Amino acid sequence: SLFQSDFTIRFLNAFEWAFYLTFPMIMLKQVYHWIRKEFYIFLNKPFKNLLAILKNYGLMMLSSICLNMILLLVFRLENSGNQTQLIEMYASQPWKVVYASLVFAPIVEELVFRGALFSPFRKKNIYAGYLISSAAFGFLHVYQSLFSGNFKDLLFILSYGLLGSYMCKTYHETDSIISSMMLHFINNFISVCIDYLGDVVNE
């Protein structure tokens, strides 16, 4: 009853907002000089980099559709637990989902999975970089299934890992993490728009 009280719910909600707002700024401050350098690398060839982002987004969507069709036809998996949870949260807390999807995730997840994991490995063994970064990115989006007992949902690590691999590819081709951040933003922005349009149609 303590954790279901209005005060506790409001406190946890405020704490979550505080975390979402401050953590990206703390991370960016820690890597300020590096991220500034990455930004200038991106601006050195902006049109070429934008074309690489759009190209990889198209390839990512085609690959994702094919993989998700296999998961649907073979394993009868429609939506991942992560996606279902986001849709449910969007109905009750739309601004939190929008901010987490369009600001928090593109900054924090890219700094962790592409900046901290992929970047060091790509100079030594790029295939290991792809594997480690993509697998870790995929696991982040399905690990809750371990606690819910929905082990079949763990197969979506392939789907999320595929998205992560294209973000690695974009970073590697443009040599700037700004590009993978933009690809991450575009992917999440379109997903949020689809969820919003779905709500409008249902209403």
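Student: How are two packed helices described?

Tutor: Two packed helices are described by the angle between their axes and the distance between the axes. In this predicted model, helix 1, residues 6-30, packs with helix 5, residues 94-122, at an angle of about 35 degrees. The axes of helix 1 and helix 5 are 10 Å apart.

Student: Is the crossing of helix 1 and helix 5 left-handed or right-handed?

Tutor: The crossing of helix 1 and helix 5 is left-handed. On the side of helix 1, the contact includes Asn13, Glu16, Trp17, Phe19, Tyr20 and Phe23. On the side of helix 5, Trp95, Lys96, Tyr99, Phe104 and Leu111 are among the residues that take part.

Student: How do the residues of that contact divide into nonpolar, polar and charged?

Tutor: Between helix 1 and helix 5, 16 residues of the contact are nonpolar, 1 is polar and 2 are charged.

Student: How is a pair of aromatic rings described?

Tutor: A pair of aromatic rings is described by the distance of the centres and the angle of the planes. Here the count comes to 13 aromatic pairs. One of them is formed by Phe113 and Phe137, at 5.6 Å centre to centre with 80 degrees between the planes. That pair is edge-to-face.

Student: Where in the chain do Phe113 and Phe137 lie?

Tutor: Phe113 is in helix 5, while Phe137 is in helix 6, residues 126-140. The two are 24 residues apart, and their pair links distant parts of the chain. Both Phe113 and Phe137 are buried.

Student: Why is the pair of Phe118 and Tyr130 edge-to-face?

Tutor: An angle over 60 degrees between the planes counts as edge-to-face. The planes of Phe118 and Tyr130 stand at 65 degrees, so this pair is edge-to-face, with the ring centres 5.2 Å apart. Because Phe118 lies in helix 5 and Tyr130 in helix 6, the pair ties together parts that are 12 residues apart in sequence.

Student: Which residues form an aromatic cluster?

Tutor: Phe19, Tyr20, Phe23 and Phe104 form one aromatic cluster.

Student: Which ring does Arg114 lie over, and which ring has the charged end of Arg122 over it?

Tutor: Arg114 lies over the face of Phe137, at 4.7 Å from the ring centre. The charged end of Arg122 sits over the ring of Tyr171, 4.7 Å from the centre of that ring.

Student: What is phi of Arg76, and what is phi of Asp175?

Tutor: For Arg76, phi is near 60 degrees, a positive value in a residue other than glycine. Arg76 is placed in the loop between helix 3 (46-75) and helix 4 (81-92). With a relative accessible area of 63%, Arg76 is exposed. Asp175 also has phi near 60 degrees, a positive value in a residue other than glycine. Asp175 belongs to the loop between helix 8 (157-174) and helix 9 (177-202). Its relative accessible area is 36%, so Asp175 is partly exposed.

Student: Which residues is Tyr160 in contact with, leaving aside its neighbours within four places in sequence?

Tutor: Tyr160 lies in helix 8 and is buried, with a relative accessible area of 11%. Leaving aside neighbours within four places in sequence, its contacts are Ser80, Asn82, Gln83, Phe137, Gly138, His141 and Val142. The C-alpha atoms of Tyr160 and Val142 are separated by 8.5 Å, and these residues are 18 residues apart along the chain.

Student: How far apart in space are Pro106 and Met181?

Tutor: Pro106 and Met181 are 5.0 Å apart, C-alpha to C-alpha, though 75 residues apart in sequence. Pro106 lies in helix 5 and counts as buried, at 4% relative accessibility. Leaving aside neighbours within four places in sequence, Pro106 is in contact with residues including Met181, His184, Phe185 and Asn188.

Student: Is Ala91 buried or exposed?

Tutor: Ala91, in helix 4, counts as exposed, at 63% relative accessibility. The C-alpha atoms of Ala91 and Lys152 are separated by 25 Å, with the two residues 61 residues apart along the chain.

Notes: Residues are numbered from 1 along each chain as its sequence is written. This is a predicted model: local features need pLDDT of at least 70, side-chain atom pairs count only at pLDDT 80 or more; totals for chains, interfaces and linings use all residues. Side-chain values use heavy atoms; hydrogens and water are left out. Axes are lines fitted to C-alpha atoms, for helices over the stretch in contact, and angles run from 0 to 180 degrees between N-to-C directions. Helices (H or I, at least four residues) and strands (E, at least two) are DSSP runs, numbered from the N terminus. A crossing is left-handed if the near helix is turned anticlockwise from the far one by less than a right angle, and right-handed if clockwise. Contact means heavy atoms within 4.5 Å. Ala, Val, Leu, Ile, Met, Phe, Trp, Tyr, Cys and Pro count as nonpolar, Asp, Glu, Lys and Arg as charged, and the others, Gly among them, as polar. Rings of Phe, Tyr and Trp (its six-membered ring) pair if their centres lie within 6.5 Å; planes under 30 degrees apart count as stacked, over 60 as edge-to-face and the rest as tilted. Buried means under 20% relative accessible area, exposed over 50%, partly exposed in between (1.4 Å probe, protein chains only). A charge sits over a ring if NZ of Lys or CZ of Arg is within 6 Å of the ring centre and within 35 degrees of the ring normal.
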